[in-house]
Amino acid sequence: MPIRRKLLFVWALLSLVLTAVSAIAAAPADFPFIVNSWSVEDGLPDNEAIALLQTKDGYLWIGTLHGLVRFDGNQFTTFDEMNTPGLPSDKIVFLYEDRETNLWIGTQSSGLVMMQNGTIKSFAAETGSAGAVTFAHEDAGGLYFSAKNGTALYRGGKMFFTPNAISPQLYYMSMHLLVPSDDGGMWQLYETIQKVSDNRVVKNFGACPWGSTPVSAACEDPEGNLIVGTLGAGIYWFQADGHYRHISTTDGLSSDFVLSLCLDNEGDLWVGTDGGGLDRVKKKLFNSPENFHSWAVQSLSEDAGGGLWAAFGALGASYWRSNSTTDFQVGRSHEAWEVLADHRQHVWLGSHEEGLFLFQTNHFSPVPGAEILGHGIFALFESRDGRLWVGSQNGLGCWDGKNWQLYTTKDGLSDNAVSAMAEDAAGNFWIGTQNSGLDYLNGQKVISYQTTNGLPGNDISCLYLDDDGVLWAGTLGHGLARFENGKWQSFSSRNGLVSDSISYIIGDDEGYLWIGSNRGLMRIQKKSFAVGSSLFCRIFGKADGLPTRECSSGSQPAAIRTQDGRLLFPTTKGLVSIAPAALKPNLRPPQVLVEQVVVDGQEQNTNPLNSAWSPVITVPPGGGQLDIYYTALNFSAPQAVRFKYHLEGGPAVEVGNDARMVRYTDLLPGNYHFNVTACNEDGFWNPTGASLDIEVLPHFWQTKTFQLAVSLLLLAAIVGAVRYISTQKLHRELQTLKQKEVLERERARIARDLHDQLGANLTQVALLGELAEADKNLPSEVESHAQQISLTARETTRSLDEIVWAVNPSNDTLEGLANYACKYAQEYAALAGLPCRVDFPAQLPATAIPPEVRHNVFLSFKEAVHNVVKHAQAREIWIRLRLQPDRFAMEVEDNGRGLDKERINQSRNGLRNMRKRMADIGGKFSISSGANGGTLVQLTAPISGMNAKSKS
């Protein structure tokens with residue numbers, strides 16, 4: 001026997017004991033309601049739910065002796081004197097919503113309170129002495145409150161109280177002896193139950209079944225049926241014909257002392273009890289046959305008479321019909337795993353230890369010739385031609401009524417252990433194996449499908465062929481496979497399935513696929529599989545009437561469709577049935593609300609009573625931490641609610657019921673729109689949901705003004721940099737041009753000097769040479785010419801020395817200029833026989849001067865010396881150099897004839913040239929009478945200008 005089959009056998013024995021123990025306190029299997037309870041352990045402030053009301057915004061409100069409680073189906077929120085300013089008392093005994101959606105709160109001893117848009121207004125001054133309010137009625141005359149000590153009237157925004165005055169009708173209504181009906185009639189509960197309409201009795205249900213037990217609450221269900229709560233006898237839920245269901249603690253009610261009743265928008269009854277907390281009474285979607293065993297059901301089959309055969313694994317088999325059950329022991333081990341009633345009304349039964357059995361005369365007998373199948377039987381199936389097919393440990397067996405035929409791996413099967421079978425419209429067979437995938441038997445041809453060619457897994461657990469010819473294959477751990485038009489699709493928990501372990505598959509006439517699993521019974525629209533990879537899966541469990549979420553697995557047949565259209569599902573705790581046509585989807589999407597927003601730990605909704613708030617949330621610079629708390633009001637199946645939220649600029653995120661808060665951090669500055677919506681258990685989404693506008697403030701450096709200013713500054717910096725670079729480039733180009741111009745001028749000067757001085761002297765030498773050649777016979781002339789040639793040559797040497805000195809850059813200093821000028825003056829004066837006195841500083845600074853300055857100053861100095869020698873008739877000459885911080889001056893002074901206007905006019909060109917040369921370099925030329933009667937020539941040049949030019 002395979003290990004998993006042994007485990008199932010052991011588990012079945014254990015489940016029998018556990019089921020028997022749990023059945024002691026459980027409600028009867030055929031009980032049509034499910035009762036769920038909430039108490040202080042679940043969030044209620046106490047277990048006395050005195051008043052109940054569902055307001056138009058969808059919330060359920062609960063009045064207790066320790067505060068007012070708001071319930072959204074998922075969590076409780078308590079409002080009391082400590083956290084709710086304006087609430088005069090924690091003892092809430094009455095709740096009512098008027099036509100203007102104002103919530104009226106009656107306290108035990110502090111009068112009435114009105115809550116309007118989250119704001120509380122107390123009428124304690126007017127109604128503080130009224131006592132506990134028990135009933136309210138609203139008509140054209142105003143809103144009337146029946147209280148213990150009188151009647152209060154609210155009209156025109158004012159409250160009036162009349163002590164010790166109450167109308168009989170209000171009194172009987174407050175005592176629940178008269179119960180208004182939604183159709184305009186009135187239920188009368190005086191010893192008998194009658195419904196009166198238009199002054200005539202339209203229904204008479206006879207005596208009150210609760211006897212003398214006080215009635216504490218009463219209401220109607222959506223069909224207009226009466227529901228009565230009592231103080232000690234539980235609840236009586238009547239049907240239209242007067243029959244009723246009594247709901248008490250034996251059926252799961254937390255207390256038989258009922259204080260309040262409320263029917264919500266989804267048709268569920270909420271019960272406030274004295275000491276038991278809050279109960280929800282919900283009609284079951286699934287029911288179990290009366291007197292059917294609550295054991296682990298493995299396999300089901302219906303016979304022609306509507307009776308049910310059931311295999312219970314290690315607990316044998318049973319036959320149920322007309323609320324009566326007959327048990328059968330099978331073989332020596334008494335185990336039964338598969339059962340099938342064929343069209344001939346033969347009942348076949350498969351075991352895991354003793355092979356195949358057939359029902360004969362009130363007992364099961366081994367089938368002759370079936371020994372070839374082996375001891376382990378896993379699946380039973382009847383084909384359209386009436387043949388019996390058996391999946392066994394040895395292969396696929398076929399019984400045609402006379403002979404057995406066994407198909408094995410020798411015939412092309414992938415594996416001998418056959419776990420599931422299905423037949424298509426053409427009579428071809430699909431064969432699922434335990435570990436080797438799926439085989440398609442087309443006549444004598446076998447086509448195998450495994451994980452290598454489309455299957456999600458090779459562990460086939462069940463097969464189902466729907467009316468459209470689509471094959472559905474379940475696996476034990478790899479999800480669901482769908483085969484249509486030669487193509488496979490795979491679906492798993494990633495696509496929305498509640499589990500990847502599939503127990504059985506069956507379809508209904510409503511277009512749904514029902515899938516059993518170890519984590520719940522799923523219902524999915526078949527067309528949704530073809531639309532996309534994301535599935536909406538309605539999951540049924542204990543809250544819907546299932547005894548457990550775990551569906552049985554490992555047998556075929558399992559889930560079946562009865563002759564009257566019901567679906568039967570085997571679970572590990574019994575059998576459940578449902579009429580798919582009667583299962584109406586919940587078309588009411590849940591109301592979605594944003595209850596609170598927290599920014600960096602600071603709550604933004606300072607009034608949690610106001611459920612309609614929709615502010616613009618401001619987040620400080622830096623994004624901070626933004627927490628958004630939202631909810632959906634669903635009371636029938638709150639665990640099945642799904643949310644989808646979306647922040648503008650981001651993806652939509654879908655989450656389950658447990659995630660009712662989303663956190664955002666480090667949001668960038670800007671405006672955002674947040675939206676959250678929700679769907680109910682049947683996948684109907686709220687089309688609008690709840691929205692929130694969010695503004696994230698920027699840091700000052702993130703503001704548009706700052707960014708614009710920075711952009712302008714950056715632009716200005718770029719423009720300035722470009723201008724600076726362009727200016728510098730232009731300046732360098734100008735400097736280059738100037739340097740080129742200076743170089744050209746210097747080259748022109750050198751050429752001019754060479755031409756004017758050397759050229760003239762050399763020409764003179766040439767002419768003298770020719771004269772000497774011509775006068776070679778005249779010795780005296782030749783000698784004179786030779787002397788002249790010698791003088792001209794020395795003059796040429798001196799001129800060449802000046803040119804070389806002027807060109808050499810190493811002489812571009814003040815010291816170089818002074819030394820050369822001094823040397824020139826001394827040599828030239830010596831040739832003329834004049835004494836030359838020099839007055840220069842002992843230490844000259846290392847000041848650089850440009851060549852054009854040096855050249856112009858020297859030429860002017862040279863001209864001044866020449867003038868002294870040629871024209872002054874001086875006996876002595878003085879050369880001086882005077883230094884100042886920003887300039888220097890070279891002076892040439894003699895003691896000759898002094899200034900002579902006629903002589904100055906004769907040499908005006910020379911003086912003009914000297915003045916121009918000094919002006920070209922930014923200097924100054926002056927001539928005046930000397931101290932010794934002679935002439936003083938002063939040549940001044942700026943040092944600062946020279947330094948700037950030298951550096952450039």
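Q: Which residue of β3 is the bridge partner of Leu-52?
A: In β3, Leu-52 is bridged to Ile-62. This is a predicted model, in which local features need pLDDT of at least 70 and side-chain atom pairs count only at pLDDT 80 or more, while totals for chains, interfaces and linings use all residues. Residues are numbered from 1 along each chain as its sequence is written, and side-chain values use heavy atoms, with hydrogens and water left out.

Q: Why are β2 and β3 called paired strands?
A: Strands pair if DSSP finds at least two bridges between them. Strand β2 (residues 51-54) and β3 share 4 bridges in the antiparallel sense, so they pair by this definition. Strands here are DSSP runs of E with at least two residues, and helices are runs of H or I with at least four, numbered from the N terminus. The two strands form a hairpin with 5 residues between them, and Gly-58 in the turn has a positive phi of about 105 degrees.

Q: How do you know that β3 and β4 pair?
A: Strand β4 (residues 67-71) is joined to β3 by 5 antiparallel bridges, and Thr-64 stands opposite Gly-67. The hairpin from β3 to β4 passes through 2 residues.

Q: Why is strand β3 described as mostly covered?
A: A residue is buried under 20% relative accessible area, exposed over 50% and partly exposed in between (1.4 Å probe, protein chains only). In β3 (residues 60-64), 5 of 5 residues are buried. Leu-60, Ile-62 and Thr-64 lie on one side, with Trp-61 and Gly-63 on the other, and both faces are covered. In a regular strand the side chains alternate between the two faces of the sheet.

Q: What makes β53 and β58 edge strands?
A: The open antiparallel sheet has 4 strands in the order β53-β52-β55-β58. Strands β53 (602-603) and β58 (661-665) each pair on one side only. Strand β55 (residues 625-633) is joined to β58 by 5 bridges, and Tyr-629 stands opposite Met-661 in β58.

Q: How do you know that the charged end of Arg-523 sits over the ring of Tyr-512?
A: The rule requires NZ of Lys or CZ of Arg within 6 Å of the ring centre and within 35 degrees of the ring normal. The charged end of Arg-523 is 4.1 Å from the centre of the Tyr-512 ring and sits over that ring. Likewise, the charged end of Lys-644 sits over the ring of Trp-685, 4.6 Å from its centre.
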